[in-house]
Amino acid sequence: MRFALQIEPSQGITWEQQVALARHAEDGGFETLYRSDHYESLPGPAGRPTTDAWATIAGSVMVTERLRHGTLVSPITFRHPANIAKVAATVDEMSGGRVELGLGAGWHVDEHRRHGLVFPDLATRLGMLEEQLQVVAGLWQAQRGWSFQGVHYQVDDAWYVPPPVQRPRLPLIVGTQGRPRAIRMAARYADHLNLYYCTPDMARSAFELLDRECHDAGREPGDVTRSVLLGTVVGSDRREAARRREQIVELSLIHI
């Protein structure tokens, strides 16, 4: 059993607060500090300051020594796969090999609309996610001259240098609430499946499906790390914890 933290800087957390969180997480013995990747504050009142995920991760790796960092998750609608591959590999070098890349199909319509980002239908986004996983892994691992011809992305005669510090690649994470297609992608192309806001029964079913998909893909189920993103309420006493729980449920941050 390993423990990590995930934070929501899109709720108005400043850079100084993120630095403090990273240092406390490292001092507290956590393995990894993940952050969400959003361009708009959510949930709760709109208009709170937000920061770019990968810019702050690049800064965070410089103020920590052991703690790993990554996104849960970066929407595929925000960046071209060649761009996110280069950014993540650069931060991996800066950190000495302590970075992970989480990718997901995205869901927040308003933040796309307000930032001029294209937001295709779900089937298209899932297709983009599947191709991005292949392109990112291909650029990181393939020899010079690698090519990829997909519906959404094409790569011809790749020449990608330098490769990530972590070999054969830095870990790729697929985040999903349990969609079968996303679980199949994790079994075929990723190193880690993260489930969010799911019940124990949902998690059990998802992990059983992951086992079957891994066998079908010729992989050992144990080769794919599996995790569940869960909300935790902390208070100085039961009354404070109950009050904070009510606030969090009201904001729909977690499902309890």
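A residue counts as partly exposed when its relative accessible area lies between the buried limit, under 20%, and the exposed limit, over 50%. In this predicted model, Asp-52 has a relative accessibility of 28% and is therefore partly exposed.

**Asp-52 and Arg-79**
- Asp-52 is paired with Arg-79 in a salt bridge whose closest N and O atoms are 3.5 Å apart.
- This pair connects distant parts of the chain, 27 residues apart: Asp-52 sits in the loop between strand S2 (32-35) and helix H2 (53-60), and Arg-79 in the loop between strand S4 (74-75) and helix H3 (81-95).
- Arg-79 is buried, at a relative accessible area of 11%.

**Arg-169 and its surroundings**
- Arg-169 belongs to the loop between strand S7 (154-155) and strand S8 (172-176), and because its relative accessible area is 15%, Arg-169 is classed as buried.
- The side chain of Arg-169 forms a salt bridge with that of Asp-191 (3.1 Å, N to O), and Asp-191 lies in the loop between helix H6 (180-189) and strand S9 (192-196), 22 residues apart from Arg-169.
- A polar contact of 2.8 Å joins the side chains of Arg-169 and Gln-141.
- A polar side-chain atom of Arg-169 also lies 2.8 Å from the backbone oxygen of Tyr-189.

**Arg-243 and Glu-240**
- The side chains of Arg-243 and Glu-240 form a salt bridge (3.8 Å, N to O).
- Both residues lie in helix H8 (residues 238-251), 3 residues apart, about one turn of the helix.
- Arg-243 is partly exposed at 43% relative accessibility, whereas Glu-240 is buried at 17%.

Notes:
Residues are numbered from 1 along each chain as its sequence is written. This is a predicted model: local features need pLDDT of at least 70, side-chain atom pairs count only at pLDDT 80 or more; totals for chains, interfaces and linings use all residues. Side-chain values use heavy atoms; hydrogens and water are left out. Helices (H or I, at least four residues) and strands (E, at least two) are DSSP runs, numbered from the N terminus. Buried means under 20% relative accessible area, exposed over 50%, partly exposed in between (1.4 Å probe, protein chains only). A polar contact is a pair of N or O atoms within 3.5 Å; within protein, one must be able to donate a hydrogen and the other to accept it, and residues adjacent in sequence count only if both atoms are side-chain atoms. A salt bridge is a side-chain nitrogen of Lys or Arg within 4 Å of a carboxyl oxygen of Asp or Glu.
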